[in-house]
Amino acid sequence: MNMSVKPQVNITPNGMDYEVIRKVIELISKEYQSQPSLEAISHEVGLEQTKLQKLFTRWAGLSPKAFLQAVTIDHAKRLLAEENLPLLEASYEVGLSGPSRLHDLFVTHEAMSPGDFKSGGEALEIKYGFHQCPFGIALIMATDRGMAGLAFCDPGEEVSAFEDMSNRWKRARYVQDPNATQSYADQIFNPEKWQSDKPIQLVLIGTDFQVEVWQALLDIPIGTATTYSTIADKIGRPKASRAVGAAVGANPISFVVPCHRALGKSGALTGYHWGITRKRAMLGWECGMLENGA
DNA sequence: CGCCATTAGTGGG
DNA sequence: CCCACTAATGGCG
């Protein structure tokens with residue numbers, strides 16, 4: 001499909017910070033069972049404890065210690081327990097200033113079925129770029145109608161991440177153009193830039209069923225989670241939880257379409273295309289977004 | 001009782 | 001045929 005891929009990762013001014021944050025988030029998410037101390041972590045990344053403490057808190061919204069808490073099984077179960085509380089929705093519907101849904105990423109979307117996509121005749125042009133972010137390297141793919149894909153990988157895995165993504169839309173023409181995708185990266189991973197008046201435009205390319213599932217994912221507020229079976233209920237196919245799992249797994253715009261907020265009924269994280277560790281990290285990170293909210 | 005491992009039923013791709 | 005599910009079941013502390 002793609003002959004010569006020459007991945008170029010942008011180096012942002014904060015590149016070094018990103019790298020440290022990424023390492024710490026990954027370390028805690030991976031080793032949370034052994035409760036690593038701040039001392040151990042700072043030794044691992046070669047940064048003085050107090051500096052690390054400050055840097056991490058600035059980026060993740062909560063201290064390393066709190067992050068460690070947020071990443072446990074108990075926390076995941078608590079997210080599910082909260083899903084039944086009717087708290088938020090009612091007030092949104094009527095436009096009241098209810099409990100804040102500050103710090104959520106706003107998106108608008110349109111759907112495109114694989115059929116539409118094909119019948120367009122000429123191949124769709126997809127621009128892509130690699131960008132550093134707290135969860136590793138983000139591969140962003142966009143058409144002129146909006147963002148179509150977001151994948152993650154670790155340094156050195158850029159090519160296989162690109163292949164994974166580009167295999168989903170084989171007929172598209174791919175052009176590496178980090179400048180075109182940079183603004184998405186800036187907005188997505190910087191919560192202070194999440195504003196309802198500047199939503200991110202998404203193009204959902206999938207079957208009807210998949211698009212329905214992805215839309216349901218978009219309804220899950222940040223800092224909360226739901227189960228595959230709850231989503232199945234919601235889209236009117238109560239026995240299709242397994243199929244829902246497959247559709248969630250096929251979500252091409254990870255993180256922005258928050259597939260990491262879908263858990264097994266037991267609270268187990270069950271799976272993530274880009275690694276369970278990353279899923280756990282995202283849930284922990286989102287917990288931090290709520291801290292400085294309201 | 002709680003915590004696995006196994007199994008059968010399941011709907012969509 | 002494959003699967004990022006789940007409820008039911010049985011074994012084992």
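**A buried phenylalanine**

Phe-135 is buried, with a relative accessible area of 4% (buried means under 20%, exposed over 50%, partly exposed in between, with a 1.4 Å probe and protein chains only). This is a predicted model, in which local features need pLDDT of at least 70, side-chain atom pairs count only at pLDDT 80 or more, and totals for chains, interfaces and linings use all residues. Residues are numbered from 1 along each chain as its sequence is written, and side-chain values use heavy atoms, without hydrogens and water.

**Aromatic pairs**

The structure has 13 aromatic pairs (ring centres of Phe, Tyr or the six-membered ring of Trp within 6.5 Å; planes under 30 degrees apart are stacked, over 60 edge-to-face, the rest tilted). The rings of Phe-135 and Phe-255 are 5.5 Å apart at their centres with planes at 50°, so this pair is tilted. Phe-135 is in the loop between strands S2 (125-133) and S3 (136-143), whereas Phe-255 is in the loop between helix H12 (241-249) and strand S8 (262-263), 120 residues apart (helices, H or I of at least four residues, and strands, E of at least two, are DSSP runs numbered from the N terminus). Phe-255 is also buried, at 3%.

Phe-152 and Phe-189 form an edge-to-face pair, 6.3 Å between centres and 70° between planes. Ring pairs join Phe-135, Phe-152, Phe-189, Trp-194, Phe-255 and Trp-285 into a cluster.

**Cysteines**

The structure holds 0 disulfides (pairs of cysteine sulfur atoms within 2.5 Å). The sulfur of Cys-133 is 9.3 Å from its closest cysteine sulfur, in Cys-153, and is therefore too far for a bond. Cys-133 is buried at 1% relative accessible area, and Cys-153 is buried at 2%.

Note on methods:
Chains lettered and ligands numbered in written order.
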